[in-house]
Amino acid sequence: MADRKVLVDRSQLGKVRPWREHKLENLQYGDYLQMLHYKKAHRVKECGEVLRFVEDKNGHKKLAQTWFCHSRLCPLCNWRRSMKQSNQLTQILTETVKQRKTGRFLFLTLTVKNTTGDLLKSELRQMGRAIAKIFQYKKVAKNLLGYVRSTEVTINHEADQPMYHHHMHVLLFMKSSYFTGTDNYISQAEWTRYWQRAMKLAYAPVVNVEAVKPNVKRQKNSLLASAQETAKYQVKSKDILTNNQEQDLQVIDDLEQALAGSRQISYGGLLKEIRKQLQLEDVENGDLINTDSDDQKVAQAVREIVAKWDYQRKNYFV
């Protein structure tokens, strides 16, 4: 055991991939599931226990085999899922721009007031129905070419009980005519009215809409930045693992119930068609070993490396 080395897995840009950090979070999440008497707790704690990599002569590693639990809140699975969703979405958007050069992108964020854990599931369902309604409104429908939407849930821990801020990110691909005249253009005030009407709200919700520049730079309102915002974690680990055990248990139980059977990300229109053309697999239930990232490709593999999690030393060793 003494001659075994700590796993170091770097991206081709030299950044260390955070296997250890996510595995430690995964084990804490598994412990909480055990306390809550979830049957899957043991399965979750076995997630990513043994990692088999192939490595090229330059020392670049690619994950070749492991077992992931696919639990919605698992920090290891969420990390891989987010990478895969981001890479798939980038491929889809690149192809979309090629096929419809005149189309324009908008980034829409739709929010509602915070809710409690017992109401979160029904509120998320209502949001899904409401955005589908908006896509059918005449002014939207005649301008819309396609979309990708995702839901995100953040937690306010400062209240007497955890409160959930559930909101939706929508990347819209519109006809170029959208920006010509009031018959086509939809102002922020109009988007707000549409969302209020579709959600049947008694108050004016906070809605943000901005045009997205179709460049690939990482600036705030670039297409790449919008793709990454849409494809990011549905729930961040720091929101469910705060070291306040009583509250963490409540939050995990609430989210396990609310998110069961739901989809984080979905496509429509031209973006859905292009996703089929590219034959991209379903991220929610698919393979989390291959994340479709160029950064994780290796030249000809010259060796195989197996890293195992050491529970006593709390790290991966090869």
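Predicted model: local features only at pLDDT ≥ 70, side-chain atom pairs only at ≥ 80, totals over all residues.
Is valine 16 buried, partly exposed or exposed, and what is its relative accessible area? Valine 16 is partly exposed, with a relative accessible area of 44%, where buried means under 20%, exposed means over 50%, and partly exposed lies in between, using a 1.4 Å probe and protein chains only. Residues are numbered from 1 along each chain as its sequence is written, and side-chain values use heavy atoms, with hydrogens and water left out.

Valine 16 sits in the segment before helix H1 (19–35), and helices (H or I, at least four residues) and strands (E, at least two) are DSSP runs, numbered from the N terminus.

Let me turn to the sheet. Here 5 strands form an open sheet in the order E6-E3-E5-E4-E7, with antiparallel pairing, and two strands count as paired if DSSP finds at least two bridges between them. Strand E6 (207–212) and strand E7 (265–268) stand at the edges, each with a single partner strand, so one side of each has no neighbour in the sheet. On average, neighbouring strands of this sheet are turned by 15° against each other, direction ignored; axes are lines fitted to C-alpha atoms, for helices over the stretch in contact, and angles run from 0 to 180 degrees between N-to-C directions.

Within this sheet, strand E3 (residues 104–111) and strand E5 (residues 163–174) run antiparallel and are joined by 8 bridges, and threonine 109 stands opposite histidine 169 in E5. E4 and E7 also pair in the antiparallel sense, over 4 bridges, with serine 150 opposite isoleucine 265 in E7. From E7, Ile265 and Tyr267 point one way while Ser266 and Gly268 point the other way, and all are buried. Helix H4 (residues 117–136) lies across E3, strand E4 (144–156) and E5, and runs at about 15° to E5.

Which residues does leucine 172 contact, leaving aside its neighbours within four places in sequence? Leucine 172, which is found in strand E5, is in contact with Arg104, Phe105, Leu106, Leu108, Phe135, Leu144, Gly146, Tyr147 and Trp191, contact meaning heavy atoms within 4.5 Å.

Helix H7 (residues 223–231) has 7 of its 9 residues buried, so it is largely enclosed by the rest of the structure. The buried residues of H7 include Leu223, Leu224 and Thr230, and the buried residues of this helix pack against helix H3 (75–99), E3, E4, E5, E6 and E7.

Finally, I would like to point out two residues in loops. Histidine 70, in the loop between strand E2 (61–65) and H3, has a positive phi of about 65° although it is not a glycine, and at 31% relative accessibility it counts as partly exposed. Glutamine 279, in the loop between helix H10 (269–277) and strand E8 (301–310), likewise has a positive phi, of about 55°, without being a glycine, and glutamine 279 is exposed, with a relative accessible area of 71%.
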